[in-house]
Amino acid sequence: MAGVVADPKNHLMASGHTACAGCGQAIASRIVVNAAGKNTIISNATGCLEVFTTKAPQTAWRVAWIHSLFENAAAVASGIEGALRYLGKLDNINVIAQGGDGGTADIGMGSLSGMLERGHDVLYVCYDNEAYMNTGIQRSGLTPLDCNTTTSPVGKRSYGNPRPKKPLLEIAVAHNISYAATASVAWPADIEKKVKKALSYKGPKFIQIHVPCPLGWRFDSSLTLEVAKLAVETGLYPLVEYENGTLIGVRKIKPKPVEDYLKLQGRYRHLLKSPEALEEVRKVAQANIERYNLSVG
Amino acid sequence: MKKFVEGSHAIAEIISKCRPGVISAYPITPQTHIVEGLAKLIADGELEAEFINVESEHSAASVVLGASATGVRTYTATSSQGLLLMAEVLFNIAGMRLPVVLTCANRSVSAPINIWNDHQDSMTVRDSGWIQLYAENIQEAIDLHVIAYKVAEDKRVSLPVLIGIDGYVLTHAFEVVDMPEQEMVDRFLPKFDPVVKLDPENPVSMGLLGAPDVYMETRYAIAKTMETALGVIQEASKSYSDVVGRPTGGLVETYRTDDAEKILIAMGSVVGSIKDVVDELREKGEKVGVLKIISYRPFPKDAIFEALKEAKYVGVVEKAVSLGADSPLFAEIAALLYKRGSNAVVNSFTVGLGGRDISSAQIRQIFGEMEKDETDTRFIGLNTELLEA
């Protein structure tokens, strides 16, 4: 499989970490670092990825790696980049900042925007599992519409999260950066290609990767890639690519009914009994399909 | 070289001579002249450094954290709300043992919003694991910054240093100072040689999760290092004094305390005012003196006790409060004297909050009130009309 180094001993994110079975983020982050290669320094936000890879005295990382805080991965990466620039080493070393959806789109939004605006030569990767999973499935700015989380619970007066996802990719693109894309853990070769392409550009670049969470979304841990694939194929998670602010490509789909995606996940179970709410989610998919012209034929 | 210079510009010049590779800051009054000065030095090609303008103090501290972890000497400066916004990062920098140097242009904290001087900002982060040094005047501010880098980067220490400079009183004042030559600073301060750094050639992981099985030892290690730092600060001050040819730095400074019955303790620029009143009272035959604390963290217990052990009356004069308890420096001095069996009468005086002037009359008043043993902190210079309104 592309993005996977043949001998696991050569993975730059080693096995033996403590991620849950079927963790989409664990798969995607390994593909990202393998694609970037060993001449890489990673600044990692607080979150599941940091916790399950670096419980002292062990680390899963075979590249230079630092974790500071929840909201400052982009600012720490800016400092690393500044230091490498000062040392004259920036041409040979990739700097990657990475975090979850909360660490990126909520608490880290300011530092991400600052990093993008200042033009640092850094790739920011957001692993989007659509809620605060490390603290126990609380709603984030990237939680989808009508999604059941512990802080947007379904009840007599609630269908779950009342708002659609924050348009994070568009916000990144609005900073006039050289490269921005969405990706999905269901397409590892696509992640690898996009990481390598992003790193071929100077300046800031941004990739948002959809990474299903079996525990938080409540599906069987053997279904991670299946669930990820359906998110894309229903139009709910469009895979798109921007270069210098221009949309240069989308993954075309034969749109499947959103129920195919929703019915696999406990977080959406309530929707299947509510035609009105279901219709609202269908509208989100339809809007994506029209906006990005996702349908084949 | 002697020159007449504004405090902030003096700090910018001496920081430039310390050759930091990455500087990051966010503007806040009264810190601004320092970072403006550095930005201009870089713009003019006089300092080779990356100046990273950020969107908040939280990010300023995070940028220098990342740069320091990459093995480069760093600098940042802030004040007041900015220091509080950095607070989370400050703990993180110390926990990762990164030798960042930060100037805090000491300013009160909001509300009510107030841009003038006191020490409530840096007092709030006194337990963050940063070494804290306080300057009495611009000359001392210059010297402490050079000493700070030496101490921070000493492999026996590897901790960040905050230098407290009274906002406006020192940042915006002009003074004739002895500015060390570049050659002197270079001789005293070798290139930064980090213990560990982010380097693809030798990849390490920094900032790991410290579960209950390892966390406590990391805090103990910093506590023990603070004890070591007491010696390193003295050592660095001595060798710096040798280079510049005048005494400076150290943990504390005693002024006419040898046979003093009454000793006031203070930090920062107010010490200068107290020295004047000490001279005046000495003229009248009163046995008075002042103990200046330069190093607040680590807290130099031996040096403080040594200076106070013969005193009958001790007064702690501070520009800070602990709302709902005793003022912080007083609490530490009282605990120290109690633990060492002193019988001195110790009193707490809070002065000058939010930039209120501290007059000679107030200092004379404090000397006059020292014999009266009171449990609670006394606020000196209150406007009783406002309180009754």
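Predicted model: local features only at pLDDT ≥ 70, side-chain atom pairs only at ≥ 80, totals over all residues.
Close-up 1. Residues are numbered from 1 along each chain as its sequence is written, while chains are lettered from A and ligands numbered from 1 in the order in which they are written. Helices (H or I, at least four residues) and strands (E, at least two) are DSSP runs, numbered from the N terminus. Axes are lines fitted to C-alpha atoms, for helices over the stretch in contact; angles run from 0 to 180 degrees between N-to-C directions. Contact means that C-beta atoms, placed from the backbone, lie within 7 Å.

**Close-up 2. Six strands of chain B form an open sheet.** Their order is S10-S12-S11-S14-S15-S16, with mixed pairing. Strands S10 (252-255) and S16 (378-379) of chain B are the edges, each pairing on one side only. Two strands pair if DSSP finds at least two bridges between them. S10(B) and S12(B) (residues 288-293) run antiparallel, joined by 4 bridges. Which residue of S12(B) is the bridge partner of Glu253(B)? The partner is Lys292(B).

**Close-up 3. Helices H1 and H7 of chain A cross.** H1(A) covers residues 24-36, and H7(A) covers residues 188-199. Their axes come within 9 Å and cross at roughly 45°. That makes H1(A) oblique to H7(A) (under 35 degrees is roughly parallel, over 145 roughly antiparallel, 65 to 115 roughly perpendicular, the rest oblique). The crossing is right-handed: the near helix is turned clockwise from the far one by less than a right angle. Among the residues that meet are Ala28(A) and Ile31(A) in H1(A), and Ile191(A) and Val195(A) in H7(A). By class, this contact has 9 nonpolar, no polar and 2 charged residues. Ala, Val, Leu, Ile, Met, Phe, Trp, Tyr, Cys and Pro count as nonpolar, Asp, Glu, Lys and Arg as charged, and the others, Gly among them, as polar.

**Close-up 4. Two domains of chain B touch.** Domain 1 is 2-244 and domain 2 is 252-388, with bounds from an automatic or database domain assignment. In contact are 27 residues of domain 1 and 21 residues of domain 2. On the domain 1 side, H8(B) gives the most, with 5 residues.
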